Amino acid sequence: RGFLTITGLYQGTPVSIVTTLMGMPNMDFVVREACAVVDGQMAIVRLGTCGALRPPAQLGTFIVASPGAVCVRRDPDAWTVGDGRPHYTVSAPVAADPQLVQLLVSACKQHAGAQGVVEGLDATADSFYSSQGRTGGHFEDVNEAVIEQLMAQHSELVSLEMETFHLLDLARCSKGSVKAAAFCIAAAERYSNRFISAEQIQRCERLGGVAALTALTQCSLTAAVGADGSMIRSAGSSNGNGNGNGNGTLSALPADGYVWVQ
């Protein structure tokens, strides 16, 4: 798939860092196929980039999708059928895991400072261009008012990107096998058309990576979950052997045929 994956231990807890690339289909690959090779509940934190839609979110801010995310989709039938239906549909919000969100907000504030963290609703679009309100002369996207309508519909909305909703939706449908939360670095201000510098994004990536790992290692997990949603065996131990996170909670083990390498 082209997903760079680095697996090891962080503060005694097994973790993997996986590049999901861009868009909801790639997030689908990563989450579903990670579940296929792990016995036990997983905690997943997305760290990505987004456009900030309104202050106080600004360049370099960590925007945590504490209330969750909505999904914005382009509806081809609006063009094909031409019956006056909206050209873009917006889903109801899907929530993030409350425990993981709390840990993530705390870790972000610890590493970036409280003023560098904003909490709010995220919007995940199915396109980089049309569904995100980027206009151009070559296509009839009818998207000039997409962002304005989104913000009017959701007063908590602060960020726009392409992956978070699908991660949270998969976690919701995972029969309890996935806990998920997400935060993004504001790489652009859609309200001012300013963009983050290379130096600032590198600094934010380092701080955000540590914050994500900190939250993950503090997240409590349950025993292993079978495909039918039943608990099938202990997912790990907390006796310092590398399979537990050292704080009395459990973490996932690789499925049969896979091993952690320290």
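Within strand E11, Ile185 is the bridge partner of Phe62. This model is predicted, with local features requiring pLDDT of at least 70, side-chain atom pairs counting only at pLDDT 80 or more, and totals for chains, interfaces and linings using all residues. Residues are numbered from 1 along each chain as its sequence is written, and side-chain values use heavy atoms, leaving out hydrogens and water. Helices (H or I, at least four residues) and strands (E, at least two) are DSSP runs numbered from the N terminus.

- Strand E4 (residues 42-52) runs parallel to E11 and is joined to it by 11 bridges; two strands pair if DSSP finds at least two bridges between them.
- Ala52 has Glu189 of E11 as its bridge partner.
- Strand E5 (residues 62-64) runs antiparallel to E11, with 3 bridges joining them.

**The E11-E12 hairpin**
- E11 and strand E12 (residues 194-195) are antiparallel and joined by 2 bridges, and Ala188 has Phe195 in E12 as its bridge partner.
- The hairpin formed by E11 and E12 has 4 residues between the strands, and Asn193 in the turn has a positive phi of about 65°.

**Helix H5**
- Helix H5 (residues 164-172) is largely enclosed by the rest of the structure, because 8 of its 9 residues are buried.
- The buried residues of H5 include Phe165, His166 and Asp169.
- The buried residues of H5 pack against H1 (24-36), E4, E6 (69-74), E9 (121-125), E10 (157-161) and E11, where contact means heavy atoms within 4.5 Å.

Terms used:
Buried < 20%, exposed > 50% of the residue type's maximum accessible area, 1.4 Å probe, protein only.
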